[in-house]
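Here are some notes to read alongside the structure, written for someone who is new to looking at models of this kind. Please keep the 3D view open and find each residue as it comes up.

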Amino acid sequence: MSTEDEFTVELVYAALREVWAADDAAYPVAAAKREFDTTAKPEALELCAKLVRAFVKEATARACEAARVEGDRAVDGTHLERVLPQLLLDFAS
């Protein structure tokens, strides 16, 4: 299964809805004052899905490289933890 199959627009939209629901629970006064339901346009969701795909591909590649440099035959969470700070900075700029 390819990454494109795993990160569908529907999956990304479901994740965004979860975050929006958590924000509403954390800030009920702000949510009550809002006059509209939080949603996103299809074009924006497609771009978010592309961003998630790119982020995951790059995180995987960097974690694999970190494992290779250390001589490990498998990638584990520690490899991802090591590359994640720089990856986040790279995606932020």
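This is a predicted model: local features need pLDDT of at least 70, side-chain atom pairs count only at pLDDT 80 or more; totals for chains, interfaces and linings use all residues.

1. I would begin with helix H4, which covers residues 42-70. H4 has 29 residues, and the distance from its first C-alpha to its last is 42 Å, close to the 42 Å expected at 1.5 Å a residue. Its buried residues are Leu-45, Ala-49, Arg-53, Ala-59, Ala-63, Ala-66 and Ala-67. After H4 comes Gly-71, which has a positive phi, near 85°.

2. The next element to look at is helix H5, made up of residues 77-92. The end C-alpha atoms of H5 are 22 Å apart, which agrees with the 22 Å that its 16 residues should span at 1.5 Å a residue. Among the residues of H5, His-79, Val-83 and Leu-87 are buried, and helix H4 is included in what covers the buried residues of H5.

3. His-79 deserves a separate look, and it is placed in helix H5. Is His-79 buried or exposed? His-79 counts as buried because its relative accessibility is 0%, and the cut-off for buried is under 20%. Leaving aside residues up to four places away in sequence, His-79 touches Ala-63, Ala-66, Ala-67, Glu-70, Asp-72 and Ala-74.

4. Turning to charged side chains, the count comes to five salt bridges. One of them joins the side chains of Glu-46 and Arg-53, at 3.9 Å from N to O. Glu-46 counts as partly exposed at 31% relative accessibility, whereas Arg-53, at 12%, counts as buried.

5. Another salt bridge is formed by Arg-68 with Glu-65, whose closest N and O atoms are 2.5 Å apart. Because Arg-68 and Glu-65 are three residues apart in helix H4, about one helical turn separates them. Arg-68 counts as exposed at 54% relative accessibility, and Glu-65 counts as partly exposed at 36%.

6. Arg-82 lies in helix H5 and Glu-70 in helix H4, so the pair ties together parts that are 12 residues apart in sequence. Glu-70 is partly exposed, with a relative accessible area of 39%. Glu-58, Arg-62 and Asp-90, for their part, are linked in a network of salt bridges.

7. Lastly, there are two aromatic pairs. The ring centres of Tyr-13 and Trp-20 are 6.3 Å apart and the planes stand at 75°, so this pair is edge-to-face; the cut-off for that label is over 60 degrees. Phe-55 and Phe-91 also form an edge-to-face pair, with 5.0 Å from centre to centre and 75° between the planes. This pair links distant parts of the chain, since Phe-55 is in helix H4 and Phe-91 in helix H5, 36 residues apart. Phe-55 counts as partly exposed at 23% relative accessibility, and Phe-91 counts as partly exposed at 35%.

Conventions. Residues are numbered from 1 along each chain as its sequence is written. Side-chain values use heavy atoms; hydrogens and water are left out. Helices (H or I, at least four residues) and strands (E, at least two) are DSSP runs, numbered from the N terminus. Buried means under 20% relative accessible area, exposed over 50%, partly exposed in between (1.4 Å probe, protein chains only). Contact means heavy atoms within 4.5 Å. The expected span of a helix is 1.5 Å times one less than its number of residues. A salt bridge is a side-chain nitrogen of Lys or Arg within 4 Å of a carboxyl oxygen of Asp or Glu. Rings of Phe, Tyr and Trp (its six-membered ring) pair if their centres lie within 6.5 Å; planes under 30 degrees apart count as stacked, over 60 as edge-to-face and the rest as tilted.
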